[in-house]
Amino acid sequence: MSIYLRNIIRFILLILIQVLLLNKIPLRWWSHPEGFPAYTPFIYPLFLLLLPLSAPVSFLLLSGFVLGFTIDTFMNTGGIHAFACVFMAFVRTQVLTALMPKRLSEYANSAPNFKSMGRTPFLTYAAILLFIHHVVYYLLEIWSLSSLGYTFIKIGVTLVTSMLFVLLYALLFSNSINKAYYD
Amino acid sequence: MQGVDITNSSNAVAAFFYKKQNDVVYYFQLRRLNDSLLQENARLHNQLASSSHIDTLRDTVSRVLMAARDTSRTNGRDTTKATYAGPAETVKYALYHYTPARVINNSISNDRINFITINRGKDNGIEPGMAVVTNSGIVGRVEQVSQHYATVASVLSDRRVSAMLSDGTFGTIIWEPGSPDYVYMEKVPTAIKVKKGDTIFTTGYATFPGNIMIGKVARVDTVKSSNEKTLKIALSTNFRNLQYVYVVKDKIGEERVRLEANTRARSEDRQNNTP
């Protein structure tokens, strides 16, 4: 499968999972009036995480905006997701450069995943970028520093749940697992 | 959010997906839906029975009572009796018109505004600003309208709702992020007697029609410094499983809005003109 087609399918799939499944979770989720909030886990930033390693920054920023804008349309958030995604896309190259041994342009046509990076580096990479995305998103959404504790709780629980879903997705759709199984 | 029409879920593409999803999920909730409809039916029957033979749901034509001289009698005495011979006038009983709508998308986890998408739009006479209620309580206010869909800013947002206690003391209700089950009513004077379990209603001063239940008082806090009470109210609407809502059209609401706006403009003029 061509790398373009693969990414386009992933884009649609992730948005549908996010919008039709994950957004419905808080409706049945336990929440407590004294602090523990209702929250939505985010899996759609995974699209940006899984773009090819050698993708240029301009392309990352553009796809970040398109992704965020689409999610904004579905979730009525008027630009917050677009902001968070573009920021995340902007930081992505720096994080990858710090984590990868070789220069990024030398990894032709390979995407960040368990096989190309190894498990721990990939999960670190996902956790750092998701953390940045969540911090930006919730700071913008709550837009006040008076309830900082609440903001931290919300970022924390959302990050843990999002990572869980990212891990699940990575395990389900990773080639290395299949190969190991059939070898 | 500020009048940006394509970036909200009442646009055709987003609403299409939500509609398709709801069509599937809908079947799993039929049993609960049925129960709630039965309950509402029973409640409406009771209400109808209590107002006996006046059908207040329909506007009726009646003749104005007027005194008429009865000249048919020939015994010399003038008899004056009332007959219904006056001009015909329409008596407007029904102030509100209710349009049922299905909730096709719902959110409760946002911190500033939670939106609901419903499957009724301009074609069904929905306009921005209309109130949205359900059989158990209030839901929100219509924000944006497309041809077949509308988005509703729910009570779980920074929009305030005018509310009153059963004795008529009124105040405003605000929601604080964190839980979709509770709202707060602030600045209630300590002199007012409130206890846990008291019911809170809408006033009919603003968006919502009057006397719709909002919820029950769950806790009463007294703020010593300002001599006021803060009421924590458990909402009677369950925002987690909204299925059907009613969009309320206030038939003569426009007239009222215009009048109030004029009054406000006039009084501001006066304030500006007095040195």
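Colleague: Which residue of β14(B) stands opposite B:T199?

Modeller: In this predicted model, B:T199 stands opposite B:K216 in β14(B).

Colleague: How do you know that β13(B) and β14(B) pair?

Modeller: Pairing asks for at least two bridges between the strands, and three bridges join β13(B), residues 199–202 of chain B, to β14(B), residues 213–223, with the two running antiparallel; the strands therefore count as paired.

Colleague: What makes β10(B) a partner of β13(B)?

Modeller: The requirement is again at least two bridges, and β10(B), residues 161–165, has three bridges to β13(B) in the antiparallel sense, so this pair qualifies as well. Within it, B:L165 stands opposite B:I200, while B:A163 stands opposite B:T202.

Colleague: Why are β10(B) and β11(B) called paired, and what lies between them?

Modeller: Four antiparallel bridges link β10(B) to β11(B), residues 170–174, where at least two are needed, so they are paired; B:S162, for instance, has B:T172 as its bridge partner in β11(B). The two strands form a hairpin with four residues between them, and in the turn B:G168 has a positive phi of about 100°.

Colleague: How many residues does each chain bring to the contact between chains A and B, and what makes a residue pair count?

Modeller: Chain B gives 25 residues and chain A gives 23, a pair being counted if the C-beta atoms, placed from the backbone, lie within 7 Å. On the side of chain B that touches chain A, helix α1(B), residues 12–25, supplies the largest share, three residues, and that side divides into nine nonpolar, twelve polar and four charged residues.

Notes:
Residues are numbered from 1 along each chain as its sequence is written. Chains are lettered from A and ligands numbered from 1 in the order in which they are written. This is a predicted model: local features need pLDDT of at least 70, side-chain atom pairs count only at pLDDT 80 or more; totals for chains, interfaces and linings use all residues. Two residues are in contact if their C-beta atoms, placed from the backbone, lie within 7 Å. Ala, Val, Leu, Ile, Met, Phe, Trp, Tyr, Cys and Pro count as nonpolar, Asp, Glu, Lys and Arg as charged, and the others, Gly among them, as polar.
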